[in-house]
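Please keep the sequence and the coordinates open while reading.

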Amino acid sequence: MTYENIKRSICKRLGDPDLQVYRGLAGEYFVNAMCDLIAEDEYQEEDIPELFVDDIETSVFTDWEASFEMPNNTLKFIDAYLPTATLMTTDLTLKETTHANIQRLQLEPAFRPTKTECFWYRIGKNLKLVLSQDFEIDEEVPTQYDFVFAYVKNPEPENWTTSVDMINDLGYGRDFLYTCIKRAVGMLSGISPPEGNENASIN
């Protein structure tokens, strides 16, 4: 199933089998539908292998804190976790918290990370990591750990050429693509046809 097949399927369902009315909008609304479904968690990781990213990054801590800025093409952040090598060689444990809890650390010690804990939380595009003060920070030897940051990146339809099969070549789930098509048709059926194509019928 190519991107062109998908646009043709959308247009056909909208009563435009010759792609004379909705061709310019079909692809755009298909991508919008895909992004919406991902944002709503209406997908499985195996549905979108092209878009799922899990990068290992080395984070250097200064005054018990480190940060990671999510790439500009991030659609949805999934998780932060420790790679197997780090789990096997350190007692560090990673725990998610909130910025609100971090702001309470000074007044309420119960909210502070303890012993081998490392807290992580998000502020916009930035992911912050906070070590327990039980860790000894050596100013001359950087304290650093590897972390895995998993996220879904934005689709890049310009790479879906006519020779690329989105199922066989890119691994997209067939049912997921048909759900995107159905969502795109529903979105397009609620708008007026582009100017000059008012005679299109919705099937």
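## Loop residues with positive phi

L19 counts as buried, because its relative accessibility is 8% (buried means under 20% relative accessible area, exposed over 50%, partly exposed in between, with a 1.4 Å probe and protein chains only). The model is predicted: local features need pLDDT of at least 70, side-chain atom pairs count only at pLDDT 80 or more, and totals for chains, interfaces and linings use all residues. Residues are numbered from 1 along each chain as its sequence is written, and side-chain values use heavy atoms, with hydrogens and water left out.

L19 sits in the loop between α1 and α2. Helices (H or I, at least four residues) and strands (E, at least two) are DSSP runs, numbered from the N terminus. L19 is not a glycine, yet its phi is positive, at about 60 degrees. A glycine, G15, follows α1 and has a positive phi near 80 degrees.

D63 belongs to the loop between β1 and β2. Its phi is also positive, near 55 degrees, and D63 is a residue other than glycine. Is D63 buried or exposed? With 60% relative accessibility, D63 counts as exposed.

## Helix α5 and its partners

Helix α5 covers residues 174-188, 15 residues in total. From first C-alpha to last, α5 reaches 21 Å, close to the 21 Å expected at 1.5 Å a residue. The expected span is 1.5 Å times one less than the number of residues. Buried residues of α5 are F176, L177, C180, I181, A184, V185 and L188. They pack against α1 (3-13) and α2 (23-39), where contact means heavy atoms within 4.5 Å.

Helix α1 has buried residues of its own: Y3, I6, K7, S9, I10 and C11. The buried residues of α1 pack against α2 and α5.

## How α2 crosses α5

Two packed helices are described by the angle between their axes and the distance between the axes. For α2 and α5, the axes come within 8 Å and cross at roughly 115 degrees. Axes are lines fitted to C-alpha atoms, for helices over the stretch in contact, and angles run from 0 to 180 degrees between N-to-C directions. The crossing of α2 past α5 is right-handed. A crossing is left-handed if the near helix is turned anticlockwise from the far one by less than a right angle, and right-handed if clockwise.

Which residues of α2 and α5 meet? On the α2 side they are L25, A26, Y29, F30, N32, A33, M34, D36, L37 and I38. On the α5 side they are F176, L177, T179, C180, I181, R183, A184, M187 and L188. This contact of α2 with α5 divides into 15 nonpolar, two polar and two charged residues. Ala, Val, Leu, Ile, Met, Phe, Trp, Tyr, Cys and Pro count as nonpolar, Asp, Glu, Lys and Arg as charged, and the others, Gly among them, as polar.

## The four-stranded sheet

Strands of a sheet pair through backbone hydrogen bonds, either parallel or antiparallel. Four strands form an open sheet in the order β2-β6-β5-β4, with mixed pairing. Two strands pair if DSSP finds at least two bridges between them. The edges are β2 (65-69) and β4 (93-96); each has a single partner strand, so one side of each is left without a neighbour in the sheet. From one strand to the next, the twist averages 25 degrees.

Strand β5 (residues 117-123) runs antiparallel to β6 (residues 126-131), joined by six bridges. C118 stands opposite L131 in β6, and I123 has N126 as its bridge partner there. The hairpin of β5 and β6 has two residues between the strands, and G124 takes a positive phi near 60 degrees. β4 and β5 run parallel, joined by four bridges. Here L94 has C118 in β5 as its bridge partner. Five of the seven residues of β5 are buried, so β5 is largely enclosed by the rest of the structure.

## The three-stranded sheet

A further open sheet has three strands in the order β1-β7-β3, with antiparallel pairing. Its edge strands, β1 (52-61) and β3 (74-81), each pair on one side only. Neighbouring strands are turned by 30 degrees against each other on average, direction ignored.

How many bridges pair β3 with β7? Six bridges pair β3 with β7 (residues 143-153) in the antiparallel sense. Y81 has V148 in β7 as its bridge partner.
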